[in-house]
Amino acid sequence: MEDHCYLYLGLALALLLVVIANKHRRAAAHGGHGLRLPPGPWQLPVIGSMHHLAGQLPHRAMRDLARRHGPVMLLRIGEVPTLVISSREAAREVMKTHDAALASRPLSASVRVITMGGRDIVFAPYGEHWRQLRKVAITELLSARRVLSFRAFREEEVGAVLRECAAAAAAAAAGGAAATVEMRARLSVLVADATARAVLGDRCAERDAFLRELDHGIELVAGFNPADLWPSSRLVGRLSGVVRRAEECRDTVFGILDGIIKEHLEMMDSGGAGEAEDLLDVLLKIQKEGSLQIPLDMDVLKAVIFDIFGAGSETSATTLQWAMAELIRNPTAMRRATAEVRAAFASHGAVVEHALGELRYLHLVIRETLRLHPPAPLLLPRECREPCRVLGYDVPRGATVVVNVWALGRDDRYWHGGDAEAFRPERFEDGGEAAGVEFKGADFELLPFGAGRRMCPGMAFGLVIVELALASLLFHFDWEAPGLDDPAEFDMTEAFGITARRKADLLLRPILRVPVPGV
């Protein structure tokens, strides 16, 4: 009888625990306030869901979690509630159906410092200030006409890299050796110099310091700093030193820009400015005219310049590096792209930008590169300005929303060849399973530049240097990776950050096939 009492007591306690657990689960599912919140993995006190991401690249870890918990998943990163979107249908609701409600940006501690409180274009909260800057960007800074006006800069910078590669190949051949060139750094410098000339009118004399701080700033705004993860704790912010480092980064970059702006103003006052306006000239003229509803002060101007450098040079260089790496890893695609470029420009003796539209396969190579390696795999985070529902789940006001475009680009549900992880540009050809799928914001399985109101306004500005550089490298050289017996073994490891850079160097051997002009 006593044993039965203990048995009944044990069953009663077990039943009570089940009831309590179910109550807590229902409360979590509805946020305790009648909300139907998205599912997610179990959380720990203080760190929330961070242990599920530890030791992995966030976009990969989030893809794996979404496979278990669904395409709309709620994480708590530190103390920040974060909605992770991992399906085409959910992405469409975020960026189209509820685009206005989810059009703002969260301002983390580091972002707030570097952008002067969100006074730039990229991170500015949704509102009149952002609308005004975006209009200026689209109509004055990054229009097709303006991008075209910088063609000479791009061609000159690409020519400089071609001559470096040709000289390295010639020197190695003279010594009886094979040239090996580290292309990752060279491609980064190429894009940075072309961007600097478009934005500032000349190469930046303090380029190396500027690029170093730019890299540092990109690392700081990645969103995984203690001050960003626990924004309510001033102690964490002070102990981490993130805000101080962000201030140092911003002050260094803005200090360099101060000197450049002073030179431009002196040139404008003396009437010595030429007809070829750079983007800084355009911004200074808009500021001087005073025609904007919200005045364009110097801090905003410098924040916009920092945006264009960060978004333009970083994403273009990253895409160019991945394109070269994928072609090395896929010799069949390399041969086809090279043959197309040489056939198109054989009579010219060099690649000319105005005829890049003839290179249909090369454009598919770039599209496939962006599918597998979107420069910002989680895009930039959005913030919910007003409650809405995504695939039937409630999104509370103030929640951070990220769209895992890296996962979308590798999802077998949308890439029907059964080889979503494979590099195969042919999938986009007429008759291919992805024919007609573009990256311009209308096809939600391919969103390297985002969609909706916060879609990247500088897409054309960034892509043209990728197209010109890649075509030129293939036209003049054959490329191979030294010491690599199996191309499939080429290192494709990603580095951690807000952008998915290559982790390893890009050591390649150029073999000159078509003479480079000027060498």
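Reader: How many bridges join β2 to strand β7 (residues 400–403), and do these strands run parallel or antiparallel?

Author: Four bridges join β2 to β7, and the two strands run parallel. Two strands pair if DSSP finds at least two bridges between them, so β2 and β7 count as paired with their four bridges. Within this pairing, valine 84 stands opposite valine 402 in β7. This is a predicted model, in which local features need pLDDT of at least 70 and side-chain atom pairs count only at pLDDT 80 or more, while totals for chains, interfaces and linings use all residues. Residues are numbered from 1 along each chain as its sequence is written, and side-chain values use heavy atoms, with hydrogens and water left out.

Reader: What makes β2 a strand that is largely enclosed?

Author: Strands are DSSP runs of E with at least two residues, and helices are runs of H or I with at least four, both numbered from the N terminus. Buried means under 20% relative accessible area, exposed over 50%, and partly exposed in between, with a 1.4 Å probe and protein chains only. Five of the six residues of β2 (residues 80–85) are buried, so the rest of the structure largely encloses this strand.

Reader: What joins strand β1 (residues 72–77) to β2?

Author: Six bridges do, and β1 and β2 run antiparallel. The bridge partner of arginine 76 is proline 81 in β2. The two strands form a hairpin with two residues between them, and glycine 78 in the turn has a positive phi of about 70 degrees.

Reader: Why are β3 (181–182) and β8 (477–480) said to stand at the edges of their sheet?

Author: Three strands form an open, antiparallel sheet in the order β3-β9-β8. β3 and β8 each have a single partner strand, so one side of each is left without a neighbour in the sheet. β3 pairs with strand β9 (residues 507–512) over two bridges in the antiparallel sense, and glutamate 182 has leucine 507 in β9 as its bridge partner.

Reader: How do you know that the reach of helix α18 (residues 459–476) is close to the expected value?

Author: The expected span of a helix is 1.5 Å times one less than its number of residues. For the 18 residues of α18 the expected value is 26 Å, and the helix reaches 27 Å from its first C-alpha to its last. Of these 18 residues, 17 are buried, so α18 is largely enclosed by the rest of the structure.
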